[in-house]
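Here is a friendly walk through one protein model, meant to be read with the structure open beside you.

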Amino acid sequence: MNNQVTINKENILNAYNQASGEQKALLENMFGKDMFQSQDIKERVKTFDDAVAILGNDNQAVIDYYAIADKTCTEDILAFAKLRVIAEALNEGWKPKFDGDECRYYPWFYIYTKEEYEKLDEDEKKACRVVGRSHSYSSANGGLVFAGAYYASSHSFSVYGSRLAFKTRELGEYCGKQFIDIWEKFLFA
């Protein structure tokens with residue numbers, strides 16, 4: 001008699017989704033909690049700590065982050081190190097090649113003047129961060145990363161891409177919105 005039973009993973013996940021709390025605990029004990037974690041990376045990476053947990057402490061981006069985290073460095077450098085960890089986790093092993101045939105995606109940020117911001121409705125304001133500049137030109141340049149704005153931040157452009165590239169537009173947008181506080185420190189600290 002054969003004591004081995006084969007169960008399709010899709011059937012296990014369907015059973016889990018329809019199970020009570022007690023039944024879910026039983027299935028998690030049988031197959032492990034990892035089996036039932038959301039497969040969508042955006043559901044698994046909501047915080048910087050989530051990204052670190054997914055990559056593990058032996059990942060080079062995580063090692064680099066911890067190497068500078070306890071040192072005295074500027075907020076933008078620390079933010080870049082965090083974004084590097086987050087990007088690597090969200091990309092699930094995909095790395096940009098920077099060749100002519102590859103599509104890469106980056107978060108894109110609009111910069112509003114105070115007057116433009118005041119004209120927005122309440123929902124639009126909730127989606128914004130306010131940054132002001134009074135000089136005629138402001139920029140940040142760091143290797144392959146560059147952002148510039150002319151005329152008191154009312155006109156902006158992007159010239160270069162970034163090592164913080166994403167494999168899909170959806171991931172780029174998600175990272176820009178979910179981790180806006182870190183991006184703000186990276187771009188404007």
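## Rings, cores and packed helices

Trp 183 and Phe 186 are three residues apart in helix α10, so about one helical turn separates them. An α-helix has 3.6 residues a turn, so residues three or four places apart point the same way. Keep in mind as you look around that this is a predicted model.

Both Trp 183 and Phe 186 are buried. For Phe 186 the relative accessibility is 14%, and because buried means under 20%, Phe 186 counts as buried.

**The aromatic pairs**

How many aromatic pairs does the structure hold? There are five. Phe 80 and Phe 186 form a pair that is tilted, because their planes stand at 35 degrees, with the ring centres 5.6 Å apart. Since Phe 80 belongs to helix α6 and Phe 186 to helix α10, this pair ties together parts that lie 106 residues apart in sequence. Phe 80 has a relative accessibility of 25% and so counts as partly exposed. Trp 183 also pairs with Phe 186, and this pair is edge-to-face. Here are the two pairs side by side:

| Pair | Centre to centre | Angle between planes | Type |
|---|---|---|---|
| Phe 80 and Phe 186 | 5.6 Å | 35 degrees | tilted |
| Trp 183 and Phe 186 | 6.0 Å | 70 degrees | edge-to-face |

Elsewhere, Phe 48, Tyr 65 and Tyr 66 make up one aromatic cluster.

In soluble globular proteins, nonpolar side chains tend to be buried together. Here, the largest nonpolar core has 26 residues, and Val 85, Ile 86, Leu 90 and Phe 179 are the ones that touch the most other members. At least two residues of this core come from each of α4 (48–55), α5 (60–69), α6 (75–91), α9 (169–178) and α10 (180–188). The largest share, eight residues, is supplied by α6.

Which residues does Ile 86 touch, leaving aside those up to four places away in sequence? They are Phe 48, Ala 51, Cys 175, Phe 179 and Ile 182. Apart from this core lies another of six residues, including Ile 12, Ala 19, Leu 27 and Phe 36.

**How α6 meets α9**

Two packed helices are described by the angle between their axes and the distance between the axes. For α6 and α9, the angle is about 145 degrees and the axes are 11 Å apart. Their crossing is right-handed. On the α6 side the contact is made by Ile 86, Leu 90 and Asn 91, and on the α9 side by Leu 171, Tyr 174 and Cys 175.

The buried residues of α9 are Leu 171, Gly 172, Tyr 174, Cys 175 and Gly 176. They pack against α3 (41–44), α6 and α10.

**The whole chain**

Stepping back, the secondary structure of the protein comprises ten helices and three strands. Along the sequence, the pattern reads α-α-α-α-α-α-α-α-β-β-β-α-α. The protein has 189 residues, of which 29% count as buried. Among its contacts between residues at least 6 apart in sequence, 53% join residues at least 24 apart.

Methods: Residues are numbered from 1 along each chain as its sequence is written. This is a predicted model: local features need pLDDT of at least 70, side-chain atom pairs count only at pLDDT 80 or more; totals for chains, interfaces and linings use all residues. Side-chain values use heavy atoms; hydrogens and water are left out. A nonpolar core is a set of buried Ala, Val, Leu, Ile, Met, Phe, Trp, Tyr and Cys residues joined through side-chain atoms within 4.5 Å. Buried means under 20% relative accessible area, exposed over 50%, partly exposed in between (1.4 Å probe, protein chains only). Helices (H or I, at least four residues) and strands (E, at least two) are DSSP runs, numbered from the N terminus. Contact means heavy atoms within 4.5 Å. Rings of Phe, Tyr and Trp (its six-membered ring) pair if their centres lie within 6.5 Å; planes under 30 degrees apart count as stacked, over 60 as edge-to-face and the rest as tilted. Axes are lines fitted to C-alpha atoms, for helices over the stretch in contact, and angles run from 0 to 180 degrees between N-to-C directions. A crossing is left-handed if the near helix is turned anticlockwise from the far one by less than a right angle, and right-handed if clockwise.
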